[in-house]
Amino acid sequence: MAADIRSILKKLETGGDPSLDDIVALLQAPNDTLLFTAADATRERYLGSQVHLRGIIEFSNHCTKNCLYCGLRKDNRRLQRYRMSTDEILAAAKEGAAAGLRTIILQSGEDSFFTGEMLAWLITRIKERHDVAVTMSVGDRTKGDYRLMRKAGADRYLLKQETSAPELISRLRPGTALAGRIKRLRWLKELGFQVGSGCMVGLPGQDVETLADDIMLMRELDVEMAGIGPFIPHPDTPLSNAKGGEVAATLRVLAVTRLVLPHIHLPATTALGSIHSEGREMALRCGANVVMPDITPVQYKKLYEIYPNKICINEEGPAHCVPCISGIIFRSGRSVGTGYGHSAAQSIEEQK
Ligand code: 5AD
Ligand code: SF4
């Protein structure tokens, strides 16, 4: 078995195409150390030791969708809802930029209150005031809305596939289909966004083949980023009694994704840091090269409760978060990226 794993690793190292069976075999590798060491070496070889920070502003927890796994789902009446004002959003972006962050992520539930025009207006203001890249993460929208955001200067878009199993995703995200998500990911690429997808690990009904399909789909879509974190059951959702994802399994998916998609950006997710106190450090050692500090004003942070026991919700703003996360990075023997942390392809484009 270990011999098989070594030959698959060799094939990937020399730029060969993995089969689905290869990915399944890697995900089931009996020796985590072999896998994690290879993923860490691949990250070093393709992306070096810099870790990029992306400051995330969770500007609205309203959502029209009813995802079975998510605390922001429409039917969760226990959650106190908020929308930040445009002034509050711009002030948070300003604070983030002042703390040295070179990417600002604007994330919300699927909230139609914020029209494409409003989001474009916000992007324009942030880009004209600060030297930052902007990532949008506002869910399923029309192609027209995506175009407005791109024209306003948004650089990247995060839209996770969540799981590549078509029946599972339709059950977990009522009223949606995998095809719709894939269609949007293709639109976003076509519009020139650097595109991020990703999946949760440990969803009920998911198995190792599903996770291999997830990685393969991201390879086919040629994504530039992948957010991979454990599913954490939320008490006020229909999946409250589910088991949830484990640290070891999540790290394995992360490492295999790094091996199969060597050049992409992979965050050490807050979700992983929330189920294990060293979760993000471990992720940085098996392929991750991005951390996303939450720079949402502290009074709103705790209300963006996608899953319970999220870390850092009492941290007061980027002036505190950025040095704290930089410390984690330094202690991991790495350095903090000073540039925008664009995708490899985009960086080459900008040097032309
Ligand atoms: N556990 C972990 N991650 C979750 N997300 C939503 N609900 C949960 C949960 N219970 C993730 C999804 C989504 C992002 C906003 O949060 O991947 O894309
Ligand atoms: Fe809404 Fe996103 Fe949560 Fe689904 S995962 S309920 S779309 S915030």
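Which side chain does the side chain of E110 join in a polar contact? In this predicted model, the partner is K65, and the polar contact spans 2.4 Å. E110 sits in the loop that runs between strand 3 (103-108) and helix 5 (116-129). Its relative accessibility is 11%, so E110 counts as buried; the cut-off for buried is under 20%. Beyond residues up to four places away in sequence, E110 touches H62, C63, T64, K65, V138, G139, D140, R173 and R181.

Ligand 1 has its own set of neighbours. Around ligand 1 are Y69, C70, K160, E162, M200, P230, F231, I232, I306 and Y307. For K160 the distance is 3.2 Å. For E162 the distance is 2.5 Å. I232 contributes through its backbone instead: an N or O atom there lies 2.8 Å from a nitrogen atom of ligand 1.

The largest pocket holds about 240 Å³ of space. Its lining is made up of 17 residues, and V201, G202, Q206, L211 and A249 lie nearest the centre. Helix 9 (208-221) and helix 10 (247-260) are the elements that give two or more residues to this lining. Helix 10 supplies the largest share, three residues.

Conventions. Residues are numbered from 1 along each chain as its sequence is written. Chains are lettered from A and ligands numbered from 1 in the order in which they are written. This is a predicted model: local features need pLDDT of at least 70, side-chain atom pairs count only at pLDDT 80 or more; totals for chains, interfaces and linings use all residues. Side-chain values use heavy atoms; hydrogens and water are left out. Helices (H or I, at least four residues) and strands (E, at least two) are DSSP runs, numbered from the N terminus. Buried means under 20% relative accessible area, exposed over 50%, partly exposed in between (1.4 Å probe, protein chains only). A polar contact is a pair of N or O atoms within 3.5 Å; within protein, one must be able to donate a hydrogen and the other to accept it, and residues adjacent in sequence count only if both atoms are side-chain atoms. Contact means heavy atoms within 4.5 Å. On a 1 Å grid over the protein atoms alone, a cavity is a set of points where a 1.4 Å probe fits but cannot get out, and a pocket is an open set with protein on both sides within 12 Å along at least five of seven lines; lining residues have an atom within 4 Å of a point. Grid points are joined across faces, edges and corners, and a volume is the space filled by probe spheres set on the points. A residue is near a molecule or strand if one of its heavy atoms lies within 4 Å of it.
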